[in-house]
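Here is a short note for a colleague opening this structure for the first time. Please keep the 3D view at hand while reading the points.

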Amino acid sequence: MFRIVFICIAFVIHYLVESVVIEYPHNKQIEERIRKDIDSIDSIFRYYIVPREIQFHASAITNGLPYFLLCKGSQKSINLTVPISAVKDLYLTTDDKTHTITAKLYKNQSNINLVGRYTCSEIIKDKNYETTVHVFIRDKNSLFTKSLHSKIFKQTGIHFFNLPCQTTNWYPKMSCPIPINQEKCKIRKCNLRERQAKERKCDLPLCDKKDRCIPVYYTPSDLKPEKMFFDPQIGFALENPTIPNDLTDFTCMSNSTLSKKVKIPFDSSPPDYVRIHQSSLSVMSDETLRLSCEIQYGTKINRKMPTLFWFEDIYNLSLILNHTEKPVFNLKTQVYNRNSSITLHGFKPKHVYRFYCVRVSDHGLYSHSIDITCVDTPLLDVEIDLNESNVDKKISYGSISVHDISIYTIPRSSVIIELSRDGISLANDKRFEILSTNNQENQYLEYVLKIHNVTFEDEKDLKITVKSSLLEKTEIIKLAIIGDPVGQFSFTTEQEFSVIPWRDENNLNIYSYGVSEYDSYCIVCTIRHRSNIQQPLNVYIQYSTCSIDDCLSNLIDKTCQISSGTTLMNTISNPINNYQTQFVSNDSHKLTASSIGHQYLCCYQENGLINIAKGITILSRNHNMFYVNRPEFSLVKGDILTYSCEGHQLIYNNLQIIYNDGYSTYERTYFDKEWHLKGTNQVKHVDISWNSTINQYIRIMKIEVKTSPLGMIDNNKYFQCIGLSKQPNIIPNVNDTYFINIDDPLPLQFKNYLQTVSHLNRKTGDNVEFDCKFDGRPKPKLSWFKGKVPLNNQDSTLKFADNNESITINRLQASDTGYYTCELNNGHDITLRRSFDLRVQGTNTYSKFGRLTGIFVLISSVIVLIMLILLITVGTKYFQMKRIVKKSIFSEHQSTGPVDKSQSAMSQLTRIPLPDNFASTHQIRTLLGYLNGDDLPETSDDFK
């Protein structure tokens, strides 16, 4: 039973689909035919040509028809689409009961606007079913171009170029021979009976008294297309024609009606009808290729959305993906964009593939083609040229050098570009900037290398290395820098650097200017020059003073000519490298008055000429020439906001305050007496307190504004202060903006309830945390102290939490013992303080070490005592022996000279010469031992 019902439903659906038809009145002068040549037509046109054609003779229309066309369906969703050109000549009536739409003529007149495509469609279960016919009108006009095609456009890589020379009937054929003498062609005269019998023949002209078909052609005819196609429905399609640059229009003609010519304006500007994003490429056999195509069309194309598809060689490869996106409408340009992409694989080496992206619409048929060549060898080609912006291939010192880098890579891959000089990478040098200028999907990669603030050091070889997925290539560029030597002033000080905010410049041990009053400093002029200078530069520093009112103008007018008010300073030359030489003054200077400035000129002599390398004026101000004072704490309801700014008159000739109250914006300058609506002279009352002052001594303008007590309604208001420069082309204007953000107040308190003073005992090696987490608004300023010394997060032994709400000390040492205090102040509530008394005690490890130390000291003391006893004993024995020797006969006085025989031998021992066999030293010592009684001989003959 269910099977029968299913078959019945399928039959009904099939019947419903087949019931979507287009009918025409029964009339002998209306003829229908089905095109049988579709298979022989180039497949790129098959989508556009309608197989079913209906031809109305002009007399059929003028004699009157009950209706023009009838669209029949089975649902209320029935719809009939007619050519745009025919809308004004037809009116449509819909019958919901019979599900039909009838198209009737307003006037029984033949009109070429009726020629075109008619589509009857309906939607059944979310599916669209349609049938289409193409209508021809046979009349005296044999060809035409619709008003929709107001002009045709120049091709931009277009494969087929469309000329819409459409015909009013289906009889003309492109293959007809064009007669030698077209003036001999005449229209065949047929009466009504002959026309009814042989209507087709009656439409053919007689040329040279012979029957001819009706050829349709165009001028100029020397466009030399590679291929040409003609169909009465679409006109001519030319493959890659050669179009003259001075062509303004095309002419469509037919030898059937020689007087009838149709001109089509030609627009040589390139259209965006269809474009493949990639250019012709070379790939390798294992490469996967993605091609993307885009079409654009305007809102006037409302009859049928243009169709986008790929054509030809994709079917000879492995098609991985074919995706066409939905149209996207651009509100600014009022243009639709639609993209399609295909992904392919399976290329064969030494093969060339051609791909077409085709756009088909009522406006015409266009396509864009590219060639893909498959190779078997990888390639990386790099070309580097100076950009056109660098005139004469010479770059001025301090300018920007621009280079174009062209890279061609097989297979297609992303590339890495590395810059180096003297073996040192320049990846972190912000002067060097590499920008991509084309689509990375392309095989031809274009980059721009910009070298900012070019110096003479850039004359060194710059190594550019390009790396693809398989290959690597290196190129060397060398710049030619033009320009005179350039100087830079800096200052050194004998004081500690932490006291004054000096900044180290490129590790050259020189410090950029920022001199305070009564600071002693030395002047340094660093000259940047070429490495190939013929002889050392003759550089000297010229010094003078100026009053604060005249410093700026004096410096502009200064020259290196020595005058009565200038002094030459002695300097010491210090070569830094081949491109920089530093000149340091022997004498130091000191600023003693804030109303007096010091001016310095760094001059050099080269080729007999004296030039200025650098000039500078320094004043005794140690902060910026433009200064802003903002609220110290965040704002809460009830606060009064005070905002001020000041500017030095040496640089700025006026200050301006901008105020926005959430509705309007107001402005007022230092010299204005009232607020004005911004951009106008309209005076406005603003509830803001204004106070402007000037310090005559240091010439500072100051503006201070105050609000009334603030509320939540004041959120998102803002103040802006602008310093208006005297010479904006040299020193630009400066500004500061403060946005008002109001919160509800919240009492300031600690989150954790701890004692005011916490006593903490820890052992060395432990960790400790001091907790001062808080709640409250406005947000307080939190300060930490150890004793009375402030702590900061620059101390590596301390670990600060977010907002400095706590401090952690890891691996405590005895030196960490101390009294730590946190202090919270928000300008509203009382100041909160919390202290931590930390005591760090020793551990067992250190006790053992102490005992070992004691043992070592004890042993050392014993050893020293023993050595002392031995020393005393040896000394005692020595003095005893010395006393015995003195008492012996040998200690008596012995005379000198020859032996006196009258005297006893014992008194002349020193005179008697010793025999050769006299006793040895050891024997003498033994003898002395016998004499002293210390030793006795063991035998009687022991001593000889």
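1. Start with one bridge pair. Ile541 has Met569 as its bridge partner in strand 43. This is a predicted model. The pair belongs to the contact between strand 42, residues 538–547, and strand 43, which run antiparallel over 3 bridges.

2. Four strands form an open sheet in the order 43-42-46-47, with antiparallel pairing. Strand 43 (567–569) and strand 47 (609–618) are the edge strands; each has a single partner, so one side of each is left without a neighbour in the sheet. From one strand to the next, the twist averages 30 degrees.

3. Another open sheet of 4 strands has the order 30-32-36-35, again with antiparallel pairing. Its edges are strand 30 (379–386) and strand 35 (432–436), each with a single partner strand, so one side of each lacks a neighbour in the sheet. The twist here averages 20 degrees from one strand to the next. Strand 30 and strand 32 are antiparallel and share 8 bridges. Within that pairing, Ile384 sits opposite Ile405 of strand 32. As a reminder, strands of a sheet pair through backbone hydrogen bonds, either parallel or antiparallel.

4. Two cis peptide bonds deserve a look. One joins Ile410 and Pro411, with omega about -5 degrees. Pro411 is in the loop between strand 32 (401–410) and strand 33 (416–421). Another joins Arg777 and Pro778, with omega about 0 degrees. Pro778 lies in the loop between strand 63 (774–777) and strand 64 (781–786).

5. Lys350 has a positive phi, near 65 degrees, and is not a glycine. Its place is the loop between strand 27 (335–345) and strand 28 (352–361). Lys350 counts as exposed, because its relative accessibility is 73% and the cut-off is over 50%. Arg811 also has a positive phi, near 55 degrees, in a residue other than glycine. Arg811 is in the loop between strand 67 (806–809) and strand 68 (818–825). With a relative accessible area of 64%, Arg811 is exposed.

6. Is Cys165 buried or exposed? Cys165 counts as buried, at 0% relative accessibility. Cys165 is placed in the loop between strand 12 (160–163) and strand 13 (166–167). Leaving aside residues up to four places away in sequence, Cys165 touches Phe144, Thr145, Phe230, Gly235, Phe236, Cys252 and Ile264. From Cys165 to Phe230 is 65 residues in sequence, but 9.0 Å in space, C-alpha to C-alpha.

7. Salt bridges come next. The structure holds 23 of them. In one, the side chains of Arg35 and Asp231 meet at 2.4 Å, N to O. Arg35 is in the loop between strand 2 (30–34) and strand 3 (52–57), and Asp231 is in strand 17 (residues 227–231), so this pair ties together parts that are 196 residues apart in sequence. Arg35 is buried, with a relative accessible area of 9%. Asp231 is buried as well, at 2% relative accessibility. Arg35 and Asp231 are part of a salt-bridge network with Arg33, Asp37 and Glu53.

8. Arg354 and Asp371 form one, with the closest N and O atoms 2.9 Å apart. Arg354 is in strand 28 and Asp371 in strand 29 (residues 364–375), 17 residues apart. Arg354 is partly exposed at 27% relative accessibility, and Asp371 is partly exposed at 26%. Arg431 and Asp458 form the other, at 3.0 Å, N to O. Asp458 is buried, with a relative accessible area of 0%.

9. One record entry can be set against the model. The UniProt annotation "transmembrane region", from an unreviewed entry, covers residues 855–879. Over these residues the chain is 100% helix and 0% strand, with the end C-alpha atoms 37 Å apart.

10. Last, the whole chain. It has 7 helices and 69 strands. Of its 944 residues, 41% count as buried. Among contacts between residues at least 6 apart in sequence, 64% join residues at least 24 apart. The accessible surface comes to about 54,700 Å², and 52% of this belongs to carbon and sulfur atoms.

Key:
Residues numbered from 1 in each chain as written. Predicted model: local features only at pLDDT ≥ 70, side-chain atom pairs only at ≥ 80, totals over all residues. Heavy atoms only, no water. Helix = DSSP H or I, 4+ residues; strand = E, 2+ residues; numbered from the N terminus. Buried < 20%, exposed > 50% of the residue type's maximum accessible area, 1.4 Å probe, protein only. Pairing = 2+ DSSP bridges. Axes fitted to C-alpha atoms, helices over the stretch in contact; angles between N-to-C directions. UniProt positions renumbered as here; feature names shortened; annotations may be inferred. Contact = heavy atoms within 4.5 Å. Areas by Shrake-Rupley, 256 points an atom, 1.4 Å probe, with all protein chains shown as cover. Salt bridge = Lys/Arg side-chain N within 4 Å of Asp/Glu carboxyl O.
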